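This briefing covers one protein chain, grouped by topic. Please look over the sequence and the model before reading on.

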Amino acid sequence: VDTALEFVSSESKVSSQRKSSSHKPPAERKSLRLQDKDLQEMSDDGKCLSMHQPWATLLVSGVKRVEGRTWYTAHRGLLWIAAAAKQLEPEERVELEQFYTSRYPDVDLPKDYPTGCLLGCVNVIDCLTQEQYRQEFPDGESESPFVWIVENPQQLVVQFPVKGKHKLWKLDGHIHQAAKRCLRPVS
């Protein structure tokens, strides 16, 4: 944690140096804009989605490969996943674990489903309507109006307590910086 806080402190110094040099003529500023889709997908602006358990842990552990929502998102790139505070019902856990083990027989299911904390992140590569999703993935697992296609799940080694919010929200800067240093890819 000390290393994470030292990093955050050094980042604020760099950020203030950037601010002082951001007054460039319009022609120079244009060349610095992020317009390439691949670069946008690599960006991490600390956007986060709160989810109930067990779906949150299943998503960051790579068991769940899409996220269904009733709303469209234009967001592409890294999306942090926070587990809501609501406790998981045991029957729901059993039902969903049976669903995923029948769908993916070799899957390693998570042992714990923590609540009220930041769990990790995924990379959102697309958001499809249900019709597009069915065309592309006829046997897909989601029946939601909009389906977010995700890849590259990463889990936090240290889970940070956070209070979730509705829809997409921005992580606190200090938590965001510390969390980036605690990620590990899902194997």
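Are W71 and W148 buried or exposed? In this predicted model, both W71 and W148 are buried. Their contact is taken up below, after an outline of the chain.

**Overall model**

- The chain has 187 residues, of which 40% are buried.
- Its secondary structure consists of seven helices and seven strands, arranged along the sequence as α-α-α-β-α-β-β-α-β-α-β-β-α-β.
- Of the contacts between residues at least 6 apart in sequence, 80% join residues at least 24 apart.
- The average pLDDT of the chain is 83, and 78% of the residues reach at least 70.
- Residues 1–35 have a pLDDT below 50, and this stretch makes 15 contacts in the model beyond near neighbours in sequence.
- Where pLDDT is low, the predicted coordinates should not be read in detail.

**Aromatic pairs**

- Searching the whole structure gives five aromatic pairs.
- W71 and W148 form one that is edge-to-face, because their planes stand at 80°, over the 60 degrees required; the ring centres are 5.0 Å apart.
- W71 sits in the loop between β2 (66–69) and β3 (77–83), while W148 belongs to strand β5 (residues 146–161), so this pair ties together parts of the chain that are 77 residues apart in sequence.
- Y72 and F146 make another edge-to-face pair, with 6.0 Å centre to centre and 70° between the planes.
- This pair also links distant parts of the chain, since Y72 is in the loop between β2 and β3 and F146 is in strand β5, 74 residues apart.
- Y72 counts as partly exposed because its relative accessible area, 44%, falls between the limits of 20% and 50%.
- F146 is likewise partly exposed, at a relative accessible area of 22%.
- One aromatic cluster is made up of F99, Y100 and Y104.
- R65 lies over the face of Y104, 3.7 Å from the ring centre.

**Nonpolar cores**

- The largest nonpolar core has 16 residues, and the members that touch the most others are L49, L79 and I81.
- The elements giving two or more residues to this core are β1, α4 (55–60), β3, β4 and β5.
- Strand β4 supplies the largest share of the core, five residues.
- Leaving aside residues up to four places away in sequence, L49 touches E67, R69, W71, L79, W80, I81, A82, W148, K167, L168 and W169.
- That list includes both W71 and W148, the two residues of the edge-to-face pair described above.
- A second, separate core holds 14 residues, among them W80, W169, L171 and C182.

- S50 is part of strand β1 (residues 47–51).
- Its relative accessibility is 14%, so S50 counts as buried.
- What does the side chain of S50 contact through polar atoms? It makes a polar contact of 3.0 Å with the side chain of W169.
- A polar atom of the S50 side chain also lies 3.1 Å from the backbone nitrogen of K165.
- Apart from residues up to four places away in sequence, S50 touches R69, A82, G164, K165, K167 and W169.
- W169 is therefore a polar partner of S50 as well as a member of the second core.

- P110 is located in the loop between α5 (90–103) and β4 (117–129).
- With a relative accessible area of 15%, P110 is buried.
- The C-alpha atoms of P110 and S61 are separated by 7.2 Å, although the two residues are 49 residues apart along the chain.
- Not counting residues up to four places away in sequence, P110 touches T57, L58, S61, V63, R93 and E97.

**Helix α7**

- D172 caps the N-terminal end of α7, with a side-chain oxygen 3.0 Å from the backbone nitrogen of H174.
- Within helix α7 (residues 173–180), the residues H176, Q177, A178 and A179 are buried.

Definitions and conventions. Residues are numbered from 1 along each chain as its sequence is written. Side-chain values use heavy atoms; hydrogens and water are left out. Rings of Phe, Tyr and Trp (its six-membered ring) pair if their centres lie within 6.5 Å; planes under 30 degrees apart count as stacked, over 60 as edge-to-face and the rest as tilted. Helices (H or I, at least four residues) and strands (E, at least two) are DSSP runs, numbered from the N terminus. Buried means under 20% relative accessible area, exposed over 50%, partly exposed in between (1.4 Å probe, protein chains only). A charge sits over a ring if NZ of Lys or CZ of Arg is within 6 Å of the ring centre and within 35 degrees of the ring normal. A polar contact is a pair of N or O atoms within 3.5 Å; within protein, one must be able to donate a hydrogen and the other to accept it, and residues adjacent in sequence count only if both atoms are side-chain atoms. Contact means heavy atoms within 4.5 Å. A nonpolar core is a set of buried Ala, Val, Leu, Ile, Met, Phe, Trp, Tyr and Cys residues joined through side-chain atoms within 4.5 Å. pLDDT is the predictor's confidence in each residue, from 0 to 100.
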